[in-house]
Amino acid sequence: MSAALDSLLDLLDLEQIEQDIFRGTSRSAVVPRVFGGQVAAQALVAAGRTVPDDRGAHSLHAYFLRPGDPGASIVYSVDRIRDGRSFTTRRVVAVQHGKPIFHLSASFQVHEEGLAHQAVMPSAPDPETLPTTAEMLPRHAHRFTNPSMVDRLLEARAAVDLRYVDAPPFATAGEPREPRSQVWFRTHGKLADDPLLHVCLATYVSDMTLLDSVLLAHGRGGWSVGDVVGASLDHAMWFHRPFRADEWLLYDQESPSASGGRGLGQARIWTADGKLAITVIQEGLVRVPRD
């Protein structure tokens, strides 16, 4: 296991300070606020800690309410909405400085057999043939307004082996493209056999690139280039089938719409052997900076 992954797992190992109340810390992010994937993953950890072991997460719906302060701890309060025979529902509110910054609803289900079908996995190259983030990012250092951006991006993604199938938005700024993107990802190291841990790590990664396709449609390079400003507004995920976050997963993303200063991203996450594991939808604030 890499030191970066070990640090991320520590970040997700929340401190329980009272029944159904947990506390988490943050680490520096590319933007001067708490990374959305971190607070979503921590909130799901908090919810999962109050659920019986025989119930796995099958969906989450979340809203980002305020920018998180990376220098302050985050308190997660869990509300036990319902414990049914098959389903368990939890609501989590993340609070900083006395104000809610994030709200999550999550549902958990006892495993059961039933009707099954899925879409066909899209084609994608073998992830082992693609450049790593450490190989790819320095090639585009000249595109970033901040000289330290390459190091900051490498640090933010050090726990995850994330590989772009096509050039990322910052590499083709000024050239509008089809609003679709693909990345392969897996953690830099093996994880314990805890289904909740794998779901939480996939949640963490899901916020890294989902709005890329919005940027591609307009030839925008992104937050690191400085030709847009934005933030996650809401996030929804459905977990269809078991998967491991320490094995290759294909994140196939597209944007069907952007309007009103908001962009919508939708995606499917596939296992390397073609199983549809997760569906993700996110809307984000995407604004062109004023002169």
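This is a predicted model: local features need pLDDT of at least 70, side-chain atom pairs count only at pLDDT 80 or more; totals for chains, interfaces and linings use all residues.
How many of the 15 residues of H5 are buried?

**Close-up 1. Helix H5 and its start.** To answer the opening question, 13 of the 15 residues of H5 are buried, and the helix is mostly covered. Look next at the beginning of H5, where Asp-194 sends a side-chain oxygen to within 3.1 Å of the backbone nitrogen of Leu-196. We will meet H5, which spans residues 195-209, again as part of the lining of the largest pocket.

**Close-up 2. The largest pocket.** This view shows an open space of about 1100 Å³. Its lining counts 32 residues, and those nearest the centre are Gly-56, Ala-57, His-111, Phe-239 and His-240. Strands S3 (55-64), S6 (99-110) and S9 (229-239) each give two or more residues to the lining, as does helix H5. Sorted by class, the lining holds 14 nonpolar, 9 polar and 9 charged residues.

**Close-up 3. Thr-279 and its link to His-240.** Thr-279 is part of strand S12, which runs over residues 276-287. The side chains of Thr-279 and His-240 form a polar contact of 2.7 Å, and His-240 is among the residues nearest the centre of the largest pocket. Beyond four places in sequence, the contacts of Thr-279 are Ala-236, Met-237, Trp-238, His-240, Ala-267 and Arg-268.

**Close-up 4. Ser-232 and its two side-chain partners.** Strand S9 carries Ser-232. With a relative accessible area of 18%, Ser-232 falls under the 20% cut-off and therefore counts as buried. Which side chains does Ser-232 reach through polar contacts? One is the side chain of Asp-207, at 2.9 Å, and another is that of Gln-282, at 3.2 Å. Setting aside residues up to four places away in sequence, Ser-232 touches Phe-64, Asp-207, Gln-282, Glu-283 and Gly-284.

Close-up 5. In soluble globular proteins, nonpolar side chains tend to be buried together. Here the largest nonpolar core has 68 residues, and the members touching the most others are Val-39, Tyr-76, Phe-102 and Ile-278. Take Val-39 as a guide: beyond four places in sequence, Val-39 touches Val-34, Phe-64, Ile-74, Tyr-76, Ala-94, Ile-101 and Phe-102. Another core, of 7 residues, lies apart from that one and includes Trp-184, Trp-248, Leu-250 and Trp-270.

**Close-up 6. Val-165 in the loop between S7 and S8.** Val-165 belongs to the loop that joins strand S7 (160-164) to S8. Is Val-165 buried or exposed? Its relative accessible area is 18%, under the 20% limit, so Val-165 is buried. Val-165 and Ser-181 are 16 residues apart in sequence, with 7.5 Å between their C-alpha atoms.

**Close-up 7. Arg-82 in strand S4.** Arg-82 sits in strand S4, residues 74-83. Arg-82 is partly exposed because its relative accessible area, 46%, lies between the 20% and 50% cut-offs. Its contacts beyond four places in sequence are Phe-87, Thr-88, Thr-89 and Arg-90. From Arg-82 to Ser-107 the sequence separation is 25 residues, and the C-alpha to C-alpha distance is 9.4 Å.

**Close-up 8. Two loop residues with positive phi.** Asp-20 lies in the loop between strands S1 (15-18) and S2 (21-24), and its phi is near 65 degrees. His-97, in the loop between strand S5 (87-96) and S6, has a phi near 50 degrees. Asp-20 is buried at 13% relative accessible area, whereas His-97 is exposed at 60%.

Note on methods. Residues are numbered from 1 along each chain as its sequence is written. Side-chain values use heavy atoms; hydrogens and water are left out. Helices (H or I, at least four residues) and strands (E, at least two) are DSSP runs, numbered from the N terminus. A polar contact is a pair of N or O atoms within 3.5 Å; within protein, one must be able to donate a hydrogen and the other to accept it, and residues adjacent in sequence count only if both atoms are side-chain atoms. Contact means heavy atoms within 4.5 Å. A nonpolar core is a set of buried Ala, Val, Leu, Ile, Met, Phe, Trp, Tyr and Cys residues joined through side-chain atoms within 4.5 Å. Buried means under 20% relative accessible area, exposed over 50%, partly exposed in between (1.4 Å probe, protein chains only). On a 1 Å grid over the protein atoms alone, a cavity is a set of points where a 1.4 Å probe fits but cannot get out, and a pocket is an open set with protein on both sides within 12 Å along at least five of seven lines; lining residues have an atom within 4 Å of a point. Grid points are joined across faces, edges and corners, and a volume is the space filled by probe spheres set on the points. Ala, Val, Leu, Ile, Met, Phe, Trp, Tyr, Cys and Pro count as nonpolar, Asp, Glu, Lys and Arg as charged, and the others, Gly among them, as polar.
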